[in-house]
Structure formats: structure tokens, C-alpha cells
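User: I would like to learn how to read strand pairing and helix packing in a model like this one. Could you take me through it step by step?

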Amino acid sequence: MALTLYVDTARWRAHHKHVQEQFPGLVPVCKGNGYGFGHERLAEEATRLGSDVLAVGTTYEAARIKDWFGGDLLVLTPYRRGEEPVPLPDRVIRSVSSVDGVYGLVGARVVIEVMSSMKRHGISEQDLPQLHSAIENVRLEGFAIHLPLDRTDGSDAVEEVIGWMDRLRAARLPLHTMFVSHLKADDLARLQQQFPQTRFRARIGTRLWLGDHEATEYRGAVLDVTRVAKGDRFGYRQQKAASDGYLVVVAGGTSHGVGLEAPKALHGVMPRAKGVARAGLATVNRNLSPFVWGGKQRWFAEPPHMQVSILFVPADAPEPTVGEELVAHLRHTTTQFDRLVDR
């Protein structure tokens with residue numbers, strides 16, 4: 001019995017086509033754990049979409065995915081001198097975010113990242129004069145800009161891209177291709193209209209693979225159910241049951257990513273209040289699990305184990321039976337399933 005990712009395949013693929021229609025020249029992104037689907041599956045889906053380029057996170061990912069995807073592979077992590085060399089085919093394109101990095105990739109295919117308001121990495125405007133000689137010894141595939149998700153200052157993403165286009169043009173650098181991230185479809189259309197000689201290619205991962213929340217669902221199988229009375233001791237730490245109910249052992253533990261949570265940026269009073277409340281409950285060993293039973297998310301009886309979780313279901317709720325499956329609200333990018341079922 002397993003933690004299973006169920007995929008409504010027809011609906012999922014229909015969403016892919018919709019996104020592709022909105023973003024001509026789309027470059028799918030497959031990085032990390034493959035957005036919960038795995039590298040091999042997303043490489044297959046990118047091929048199905050007819051993509052000529054697939055973006056990956058690292059050279060190590062490129063080395064794995066090269067056997068599953070026949071087109072070009074764009075490595076998003078910028079090249080740094082002294083990095084461990086990884087054998088890669090010529091169809092791999094490296095991102096570069098410094099003039100020194102360009103000089104270190106003689107003969108390679110490169111995309112040069114510019115510094116956006118993200119301030120993560122990228123060349124600066126002051127670097128542009130040095131690029132003329134640097135790019136003579138590489139095969140320049142284009143420039144790229146990675147934009148923030150939120151713009152709390154009210155600034156315009158399109159204007160930020162236009163600003164860089166103007167700087168690159170003033171520096172007399174090639175502007176045949178610009179790779180962009182985190183733009184809306186109408187933003188991309190505005191840019192394409194203003195710069196008809198440049199091909200804008202949107203690198204998209206989350207919106208493409210995870211944009212239709214109803215197309216996928218995680219479920220964990222019930223492995224055991226044990227009735228307990230108030231005060232009964234249980235588990236590794238021999239805690240006492242707070243009331244009568246059931247201990248439900250369900251597939252899905254820390255090795256699957258259950259119980260792991262990435263930090264969240266909280267905006268507004270209510271989300272912050274809920275965050276404080278959750279933290280307070282955690283100090284008394286009350287942690288809400290991602291598993292749903294009887295229409296409610298159920299509490300962990302104790303911290304999840306490596307491959308299973310033990311939940312506490314109160315006596316006034318329906319008694320689960322072995323073999324049933326509980327819906328689990330899990331984050332795709334931190335979850336590893338046992339099996340994937342297309343339906």
C-alpha cells in the first residue's frame with residue numbers, strides 16, 4: 001500500500017496546451033523533484049508538447065535528463081569557475097551571470113542572465129561594455145531575466161524588461177532572443193509587440209505543471225487502525241491518548257516529504273495570526289497532518305515516521321478501514337510519491 005499521486009491525465013495535458021497557447025515559444029522547466037512528477041515524466045510531457053528546449057536546475061539534472069529528452073537543455077544555475085565538471089552533450093546551454101563566467105565557457109552555448117529586481121544573480125549595467133569581447137568566444141543563445149513573483153512597490157514587470165532591453169540595445173549587444181520568467185501572457189504580448197525583432201521565450205514550471213489544482217491528488221492508503229481509550233499510551237514516545245478514538249497508520253512519512261514544510265511569506269493580519277496559532281499548538285505537540293478523513297484534516301498522533309504517519313481520529317468520526325485512501329494536501333515540490341496513477 002502506498003502514497004499515490006493520481007493524475008487526471010486528459011485534464012492535466014489540456015492545461016499544458018492552454019499555457020503553451022498563451023506563451024508562444026514556451027520553455028518548460030523541469031527541476032528539483034520534477035514538480036512532484038519526476039524528471040522522466042516531465043521530459044516525456046515536454047516532448048509531447050513539441051518543446052525544442054527544456055530548462056533544468058543544475059548540471060547534475062541535465063546529466064540525468066539528457067537520456068529522456070532529445071532537444072536542447074538549458075541549465076538555469078549560473079556557471080561558476082571551479083565548479084565540478086559534469087560530462088554533458090553539446091546540446092546543453094549554460095546560464096552565465098558574470099563576465100568572468102562568459103570567459104570561462106569558451107566555445108560553449110550560453111545564455112547571459114541580467115540582474116533583475118530579484119537581486120539574486122546577473123550581470124550589471126556596468127558589465128555591459130566588457131561583454132563585447134567576452135561573447136566573441138562563445139555561442140550566445142540570448143539574454144535572460146528572472147523577475148520577482150510579487151511587486152509590492154507597484155512597479156511594472158514589463159517596464160523592467162524594457163529597461164534592460166534598452167540598455168542591451170544601447171550597448172550594441174545581440175537581442176535576437178530574451179528568456180523571461182514570471183510574466184503574464186499579456187505582458188509577453190506587449191513586449192513582443194514593442195520589440196518585434198526579438199524572440200521572447202517564457203521559462204515556465206509551476207504554472208505549467210501545477211496550474212490546474214484539480215488535475216492531481218495525493219492519497220495515502222490506510223495500513224492499520226487501532227482503537228484507543230483516553231489515557232492509553234502509544235507510539236515511540238508513549239504519549240497518552242487525549243480522548244477515545246482511533247490510531248490510523250497511513251502510507252506517507254518523512255521520506256515522502258510528509259511533515260516537511262517550506263517557509264512561507266505571510267501577508268496580512270489573518271495569515272500571521274494563523275501562523276502564530278499553529279506555532280503555539282506545535283509547542284504542545286499538536287500538529288495538523290495533511291491527511292483528510294471525514295471532511296477534516298486530522299492531527300498527527302505523533303511526528304511522522306519515515307514511511308508512515310500515525311493520525312488520531314476521534315471516536316465521534318467514522319472509523320477508517322484498512323485499504324481505504326485518505327486525501328493528502330501535500331506540496332508537489334517537496335513530495336516523493338510511491339506510485340503515480342494516470343486516470
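This is a predicted model: local features need pLDDT of at least 70, side-chain atom pairs count only at pLDDT 80 or more; totals for chains, interfaces and linings use all residues.

User: Which residue is the bridge partner of P28 in β9?

Analyst: The partner of P28 is I204, and strand β2 (residues 27-30) runs parallel to β9, with two bridges joining them. Strand β8, covering residues 177-181, also pairs with β9 in the parallel sense, here over four bridges, and M178 stands opposite F200 of β9.

User: What kind of unit do β8, helix α7 and β9 make?

Analyst: Together with helix α7 (residues 185-194), the strands β8 and β9 form a β-α-β unit that is right-handed.

User: At what angle do helix α6 and α7 pack?

Analyst: Two packed helices are described by the angle between their axes and by the distance between those axes. Here helix α6 (residues 157-170) packs against α7 at an angle of about 30°, and their axes lie 10 Å apart; because angles under 35 degrees count as roughly parallel, α6 is roughly parallel to α7. The contact involves V158, E159, V161 and I162 on the α6 side, and D187, R190, L191 and Q194 on the α7 side. As for handedness, α6 and α7 cross in the right-handed sense.

Note on methods: Residues are numbered from 1 along each chain as its sequence is written. Side-chain values use heavy atoms; hydrogens and water are left out. Two strands pair if DSSP finds at least two bridges between them. A crossover is right-handed if, with the strands pointing away from the viewer, the path from the first strand over the helix to the second runs clockwise. Axes are lines fitted to C-alpha atoms, for helices over the stretch in contact, and angles run from 0 to 180 degrees between N-to-C directions. Angles under 35 degrees count as roughly parallel, over 145 as roughly antiparallel, 65 to 115 as roughly perpendicular and the rest as oblique. A crossing is left-handed if the near helix is turned anticlockwise from the far one by less than a right angle, and right-handed if clockwise. Contact means heavy atoms within 4.5 Å.
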